[in-house]
Amino acid sequence: METVLFYLFGALTLATAVLCVTSRNAVVAAVWLIASLASSAGLFALLSAPLLAILQILVYAGAIMVLFLFVIMMLQGPELPQERRRRPLPRLLLLALPPAAGVVIALAWAARLGLIPLAPYDPARAGTMARVADVLLGRHLLAFELVSVILLVAIIGALALGRREEERPWR
Amino acid sequence: MAVTLTHYLVLATALFLTGAVAVLVRRNALVMFMGVEIMLNAVNIVFAAYSRQLGDLDGHVFVLMNLAVAAAEAAIGLAILVEIFRLRRSVDVDEFKTLME
């Protein structure tokens with residue numbers, strides 16, 4: 001059962017990610033990315049991380065992607081005219097080199113490691129909300145506070161960038 | 001065959017490379033951002049897989065931090081992109097050859 005679900009969600013995640021990368025239309029790409037992020041929530045659930053699965057859908061596939069869609073629809077028509085003309089083949093091949101090298105290295109490394117069996121499912125160690133909160137607000141409290149500072153900086157930065165030219169704080 | 005840690009690592013590598021290809025090949029800055037999100041998601045899967053493997057929840061905390069940083073990155077990056085679009089009327093990275101106005 002777990003195997004079937006892993007291959008289902010894994011194939012969905014990867015296939016929709018590839019569709020996102022290859023689609024010419026930015027809105028379509030964003031919708032495929034939402035599908036990819038949502039199906040990777042299934043992988044999180046399989047990895048006994050229910051809290052992460054929920055947050056992945058709420059925050060990632062929900063909030064962040066809505067921001068993306070807003071900006072896409074604000075900035076451009078669905079398609080970028082320049083992307084219709086193709087790049088010359090030698091340049092495409094050159095661009096394909098680093099990912100191809102990455103694939104070779106990853107496969108060689110996986111073959112060296114062999115198949116490491118996953119630790120069996122243990123309900124006492126699943127990442128439920130209470131347990132993750134214990135770790136997050138206990139041992140990692142400082143990191144938690146620092147992340148809130150990062151979010152504050154991001155909010156202020158985005159607000160400052162969003163203002164009109166003559167109202168910029170640094171002018 | 002049971003699912004192993006290696007399965008998750010290989011899947012995450014493939015996802016990461018997909019995102020890297022988007023950043024390298026696409027000209028549309030918005031789709032390049034989506035490539036970055038795909039890469040972050042691949043890293044999150046590795047964190048969750050190792051967290052399950054090692055049986056402690058520090059990896060989950062890392063994923064939460066990653067989510068927050070991804071949100072901050074998306075907000076700031078898209079705000080900068082909107083600003084560039086105001087100046088240049090384009091989101092084509094080939095046209096951003098200079099950082100001058």
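Reader: What percentage of the 171 residues in chain A are buried?

Author: This is a predicted model, and in it buried residues make up 27% of the 171 residues in chain A. For chain B, 50% of the 101 residues count as buried.

Reader: How is the radius of gyration of chain A to be read?

Author: One sets the value beside what the globule rule gives for the number of residues. The radius of gyration of chain A is 21 Å, well over the 16 Å of the rule for 171 residues, so chain A is more spread out than a compact globule. The C-alpha trace of chain A spans about 55 × 45 × 25 Å along its principal axes.

Reader: What does the rule give for chain B?

Author: A compact globule of 101 residues would have a radius of gyration near 13 Å, whereas chain B has 17 Å. Its C-alpha atoms fill a box of roughly 55 × 25 × 15 Å along the principal axes.

Reader: What share of the contacts in chain A join residues at least 24 apart?

Author: Among contacts in chain A between residues at least 6 apart in sequence, that share is 60%. In chain B, residues 24 or more positions apart account for 42% of the contacts with a separation of 6 or more.

Reader: How is a pair of packed helices described?

Author: In general, one gives the angle between the axes and the distance between them. Here the axes of α1(A) and α2(A) come within 8 Å and cross at roughly 160°. Angles over 145 degrees count as roughly antiparallel, and α1(A) is therefore roughly antiparallel to α2(A). The crossing of the two helices is left-handed.

Reader: Which residues make the contact between α1(A) and α2(A)?

Author: Among them are L5(A), F6(A), F9(A) and L12(A) of α1(A), together with W32(A), L33(A) and L43(A) of α2(A). By class, the residues of this contact divide into 13 nonpolar, 7 polar and 1 charged.

Reader: How many residues of each chain take part in the contact between chain A and chain B?

Author: The size of an interface is often given as the accessible area lost when the parts come together. Here residues are counted: 68 of chain A are in contact with 61 of chain B. On the side of chain A that touches chain B, α3(A) gives the most, with 12 residues. That side has 50 nonpolar, 13 polar and 5 charged residues.

How values were computed. Residues are numbered from 1 along each chain as its sequence is written. Chains are lettered from A and ligands numbered from 1 in the order in which they are written. This is a predicted model: local features need pLDDT of at least 70, side-chain atom pairs count only at pLDDT 80 or more; totals for chains, interfaces and linings use all residues. The radius of gyration is taken over C-alpha atoms; the globule rule is 2.2 Å times the number of residues to the power 0.38. A residue is buried if 20 or more other C-beta atoms lie within 10 Å of its own, exposed if 12 or fewer, and partly exposed in between; C-beta atoms are placed from the backbone. Two residues are in contact if their C-beta atoms, placed from the backbone, lie within 7 Å. Helices (H or I, at least four residues) and strands (E, at least two) are DSSP runs, numbered from the N terminus. Ala, Val, Leu, Ile, Met, Phe, Trp, Tyr, Cys and Pro count as nonpolar, Asp, Glu, Lys and Arg as charged, and the others, Gly among them, as polar. Axes are lines fitted to C-alpha atoms, for helices over the stretch in contact, and angles run from 0 to 180 degrees between N-to-C directions. Angles under 35 degrees count as roughly parallel, over 145 as roughly antiparallel, 65 to 115 as roughly perpendicular and the rest as oblique. A crossing is left-handed if the near helix is turned anticlockwise from the far one by less than a right angle, and right-handed if clockwise.
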